[in-house]
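Hi everyone, thanks for coming along.

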Amino acid sequence: MKRLLMIVFLSLTAYAVFAQENYELSEPDSILDLSKIHPSFPELSAIKVFYRTIKDKTYVVQLGPHSISIKYRNAQYLETDPHYNNGSIVDSHYSKFNLIGKEGLVKEAGKLFAKYLKPEDLGFGKSLRMHFACDSQGKILELIFSYPKQILLPIEAIAQLDTYIRTQCSIKFEPSPLYEGARYIYYGTGFSFEEIYQAAQGQ
């Protein structure tokens with residue numbers, strides 16, 4: 001009986017329930033001006049910025065008109081928009097890229113996020129996007145998460161998935177002379193929240 005209780009306790013603490021924050025109702029720590037990057041789209045020029053610390057890491061939460069993006073505050077490679085970084089290589093031939101550990105990533109996301117997802121969060125086009133910076137060997141250096149702002153995911157759950165991806169996943173791609181001398185190689189992918197939810201149900 002004690003062993004059974006211990007197993008139940010460990011399963012509950014491994015994927016604890018965290019408080020969900022609605023950033024639209026929170027006071028931002030600062031406002032990010034992107035008017036020089038998106039001069040033709042004034043609605044994209046003001047991004048609300050929040051800082052949230054989980055254990056010893058501080059994350060930057062950016063609230064835009066349609067989506068939320070989250071990254072590690074001390075990022076060295078990925079800025080607000082990866083496509084505007086100097087020294088990066090953006091490869092549009094994504095068929096040449098492969099995310100190693102993808103199945104485990106989706107299952108982990110399901111375990112972390114399923115309890116917070118509402119039926120309307122599983123609709124068409126609603127997905128968790130991930131933007132990776134990796135080195136020439138495919139090791140993931142940094143990543144940015146983004147998803148629709150209506151979906152309320154606790155920053156603690158995002159932080160746990162961030163740790164999982166950095167330790168359990170990598171990017172495989174075909175070598176190319178284009179990558180020589182690049183500070184990092186950029187790759188983006190994503191999964192629908194319906195797929196993530198189904199993974200938690202064992203489907």
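Let's begin at Glu103, which is exposed, because its relative accessibility of 57% is over the 50% cut-off. This is a predicted model, by the way. Glu103 pairs with Lys107 in a salt bridge, and their closest N and O atoms are 3.4 Å apart. Both residues belong to helix H2, residues 102-113, and they are four residues apart, about one turn of the helix. Lys107 comes out as partly exposed, at 42% relative accessible area.

Now, which residue does Glu24 meet in a salt bridge? The partner is Lys149, at 2.9 Å from N to O. Here the pair links distant parts of the chain, 125 residues apart. Glu24 is in the loop between helix H1 and strand E1, while Lys149 is in the loop between strand E8 and helix H3. Glu24 is partly exposed at 40% relative accessibility, whereas Lys149 is buried at 16%.

Over the whole structure, the search finds six salt bridges.

Stepping back, the protein has four helices and 10 strands. Of its 203 residues, 40% count as buried. And among contacts with a separation of 6 or more, 67% come from residues 24 or more positions apart.

Note on methods:
Residues numbered from 1 in each chain as written. Predicted model: local features only at pLDDT ≥ 70, side-chain atom pairs only at ≥ 80, totals over all residues. Heavy atoms only, no water. Helix = DSSP H or I, 4+ residues; strand = E, 2+ residues; numbered from the N terminus. Buried < 20%, exposed > 50% of the residue type's maximum accessible area, 1.4 Å probe, protein only. Contact = heavy atoms within 4.5 Å. Salt bridge = Lys/Arg side-chain N within 4 Å of Asp/Glu carboxyl O.
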